[in-house]
Amino acid sequence: MNIYLDWNATTPPLTDVLNAMRDAATRAWGNPSSIHAHGRAARAIVEDARGAVGALCGASARDVFFTSGGTEANNLAIRSAFRSSASRGQWLVTSRLEHPSVTRVAEALETEGAAVVRWVHVRSDGTLDLEDFARTLDESKGRVALVTAQAVNHETGVVQPLDEIGKLARSYGARIHVDAVQAWGKIDPSALPWDTVSLAAHKFRGPKGIGALVARPGFGLRPVLLGGTQEKGLRPGTVDSALAAGLGVAARHARTSPARWSEIATLRDTFESALLTMLAHDPARAPYVVGDPARRAPHVSTLVWPGWIGVELVAALDLEGVSVSSGAACSAGTVEPSPVLLAMLGSGDAVRGVRASFGDETTMDDVDRAVEAFRRVVTR
């Protein structure tokens, strides 16, 4: 049986999630916007899920807007801040640590002339450079419309200093969007400073194809897509009651899962220790861990392997029955340098990273077998 160590890319849906989706698809397949009995049955499931997401995020259900996932949620939050004529000349402050659904939107807004983008420097430990962030805010002279910062990095697992980022941003009157897609269920970002926050169900044991943007009252969201009046006119399109049912179950599960995920750190540390000693006798080929160990989420391990291209090592391990990754899932299979590792490490090692991410079903036997597969490949 293959060993799955790519939980940052996606997580296996819970059995209860699958059961809830089957039930909804069978008895509540109507259009939730319809006012007849079939529509009301579907609507009840959608609204139940909305309440579950609100509870997870520490927000009111009325401030939860369903999307197709984290990418759409990030797009909706960022573009909303720059869709009025009053936002012309306003700044978007972000960094190259962010997911492509943030960085590429920033680049597009700058190309369109809709925003002035300022890229904050990144420290080699994988955190935002707070001194450069403070300088950037000061130089803006109050022109920052939005700051975007992720809660947990998708490649390294580094947890960003959002408390400090939030205090600085608020002192300059800037609003904050937090991409927390990789955080829900692993850590609890609900108390962090944010005006909008994104999530994707499949990252915390729910189904693919559904996520949400949660907004504090008064943020002033504006639609990216045009069409019907669903989701208060912010996200036209029919909400799938089956996907919503799965999201609702996963959201309730995620409220109690950070305590379980914290125990995964033991597996991660055992894994890293074994890999770091594997080639210790050969410093030119020995790997090293990326990211400040004190600031990483408990389930993510990215190592740089000198002498290997990340995607090639991933392919070799796949032949050995181990599933890992070489960066963000949305750019998997490319040999382009990882933007995150490029920002942290420079060009030399940015193509040499391999990420293993663990889950609450990963066992020590999985770790032992994965380490042995690494040994077979890298010591050939």
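This is a predicted model: local features need pLDDT of at least 70, side-chain atom pairs count only at pLDDT 80 or more; totals for chains, interfaces and linings use all residues.
E3 pairs with strand E4 (residues 116–119) in the parallel sense, and four bridges make up the pairing. Within this pair, Trp-91 stands opposite Val-116 of E4.

## The E9-E10-E12 sheet

Three strands, in the order E9-E10-E12, form an open sheet with antiparallel pairing. Its edge strands are E9 (288–289) and E12 (353–357), each of which pairs on one side only.

E9 and strand E10 (residues 300–304) run antiparallel and are joined by two bridges. Tyr-288 is found opposite Val-304 in E10. Strands of a sheet pair through backbone hydrogen bonds, either parallel or antiparallel; the E3 and E4 pairing is parallel, whereas that of E9 and E10 is antiparallel.

## Packing of helices H9 and H12

Helix H9 (residues 265–278) packs with helix H12 (residues 364–378) at an angle of about 20°, and the two axes are 10 Å apart. Because angles under 35 degrees count as roughly parallel, H9 and H12 are roughly parallel to each other. The crossing of H9 past H12 is right-handed.

On the H9 side, the contact is made by Leu-267, Thr-270, Phe-271, Ala-274, Leu-275 and Met-278. The H12 side contributes Met-364, Val-367, Ala-370, Val-371, Phe-374, Arg-375 and Val-378. Sorted by class, the contact of H9 with H12 has eleven nonpolar residues, one polar and one charged.

## Gly-39 in helix H2

Gly-39 is located in helix H2 (residues 37–57). The relative accessible area of Gly-39 is 0%, so this residue is buried.

Apart from neighbours within four places in sequence, Gly-39 is in contact with Asn-31, Pro-32 and Ser-34. Gly-39 can also be placed relative to Ser-241, which is 202 residues apart from Gly-39 along the chain. The C-alpha atoms of Gly-39 and Ser-241 are separated by 9.9 Å.

Key. Residues are numbered from 1 along each chain as its sequence is written. Side-chain values use heavy atoms; hydrogens and water are left out. Axes are lines fitted to C-alpha atoms, for helices over the stretch in contact, and angles run from 0 to 180 degrees between N-to-C directions. Angles under 35 degrees count as roughly parallel, over 145 as roughly antiparallel, 65 to 115 as roughly perpendicular and the rest as oblique. A crossing is left-handed if the near helix is turned anticlockwise from the far one by less than a right angle, and right-handed if clockwise. Contact means heavy atoms within 4.5 Å. Ala, Val, Leu, Ile, Met, Phe, Trp, Tyr, Cys and Pro count as nonpolar, Asp, Glu, Lys and Arg as charged, and the others, Gly among them, as polar. Two strands pair if DSSP finds at least two bridges between them. Buried means under 20% relative accessible area, exposed over 50%, partly exposed in between (1.4 Å probe, protein chains only).
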